Amino acid sequence: MVQSLMGDRIATVGLATLTLTGATRMPNFVLRVGKRSEKGLRTNNEDNFAIDLDRQLFVVADGMGGQERGEVASGMAVEIILRVVQARLATKEAPDEVVRQAMHEANAAIVESGQMQPEGRCMGTTAVVALQHNGTVYISNLGDSRAYLIRGCDVHQLTVDHSVAQALVASGALTPENARFSPYQHVLHKFLGCADLHSAVEVHPFSPQHGDRLLLATDGLTNHVSEEDLRIGPNLYPDPQEWIDHLVKKALANGSRDNVTGVVIVFEKIKA
Ligand code: CA
C-alpha cells in the first residue's frame, strides 16, 4: 500500500488509508508522525508537504512567487520527489543518489514550467526531504526550509539555508545574529526552479537513535519558534501530532505572517 499526503489533500493508492499519527513498522524502528500546515494570515497556502509511510519518505516545500505560482511549484515539488524516489528505489539505486536525482528532476520540471509563465515571471519552491532506508536517514534541502534533529537535550540543525544572508555569514561578512534581521534573509540563491543549481544537490545521512525527533519545517515556523522550544518540546508533548500542533500555533501566536508548516517524525526502537 502506498499513501501520500499533499497538504490537506490526500491521495491514496492501494487498499486502505493510514492515519498519519498511526505507527508504521520499519526494520528496527517504529515511526510516529505528526503534521500540520496552516495558511495563517495569507490568502493562500503556498506550503505543501508529502508523506509516504511505506517508503519512510517525507517532503516539505514552500512555494515562492505569489498568487497561484508558489502553490503550483510546491505542489509539483512534493509530487515529483515522491514519484521519482518511489520509482528509483524500486530499481535498487543507492538511496542518496535517489534523493539527489529526485531533487534535480523536480528542479528541471519547475524551471520548464516557469519558462512557460507570461513575461518570464519566475516560479520556485524550497524543498526539504528525509528518506529512511535500511536504518539510515538521508536529508537534502534546497532553499530555506529546514530539518532539525532533536536528540535528548541537543538540537541539531541538519540543513544550511541557501539564503544570501546565510552565505554572508559563511563568508564572515555577517554575524549569525545580524543575519536574522538582514534584508537578504529571505533572498534565496538556490531553490527548486533555479535555472542553474551550480553544483550537485547535497544529501547528508545520519543514523537514527531511539527517541530521536526529526522536524521538517518551512520558514514560517522556524523563524518564529526558538531552539529552546525545540529542546523542551518532546518532554512537554510526547505525542508528535500534539507537538507539531503546538509549534504551529506558537509560531502564529509569535507573529508569523507566513504560511506555517511542519512534519515531525519520532523514531522508536522496536523492543526485542
Ligand atoms: Ca515561507
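Let's start with charge pairs: a search of the whole structure, which is a predicted model, turns up 14 salt bridges. Side chains of opposite charge can pair when their charged atoms come close.

Take Arg 88 and Glu 105, which form a salt bridge with their closest N and O atoms 3.2 Å apart. Arg 88 sits in helix H1 (residues 69–89) and Glu 105 in helix H2, so this pair ties together parts that are 17 residues apart in sequence. Arg 88 is partly exposed, at 23% relative accessibility, and Glu 105 is partly exposed too, at 33%.

Now stay in helix H2 (residues 95–115), where you will find Arg 100. This arginine forms a salt bridge with Glu 97, with 2.7 Å between the closest N and O atoms. Arg 100 counts as buried because its relative accessible area is 17%, under the 20% cut-off, whereas Glu 97 is partly exposed at 27%. Further along the sequence, Arg 100 touches Ala 200, Val 201 and Val 203. With Val 201 there is also a polar approach: the backbone oxygen of Val 201 lies 2.9 Å from a polar atom of the Arg 100 side chain.

Next, look at Asp 161 and Arg 146, a salt bridge whose closest N and O atoms are 2.6 Å apart. The pair links distant parts of the chain, 15 residues apart: Asp 161 is in the loop between strand S11 (154–157) and helix H3 (164–171), and Arg 146 is in strand S10 (residues 146–151). Asp 161 is buried at 10% relative accessibility, and Arg 146 is buried at 15%.

Key: Residues numbered from 1 in each chain as written. Predicted model: local features only at pLDDT ≥ 70, side-chain atom pairs only at ≥ 80, totals over all residues. Heavy atoms only, no water. Helix = DSSP H or I, 4+ residues; strand = E, 2+ residues; numbered from the N terminus. Polar contact = N/O pair within 3.5 Å; in protein donor to acceptor, adjacent residues only side chain to side chain. Contact = heavy atoms within 4.5 Å. Salt bridge = Lys/Arg side-chain N within 4 Å of Asp/Glu carboxyl O. Buried < 20%, exposed > 50% of the residue type's maximum accessible area, 1.4 Å probe, protein only. Lists of a residue's contacts leave out its neighbours within four places in sequence.
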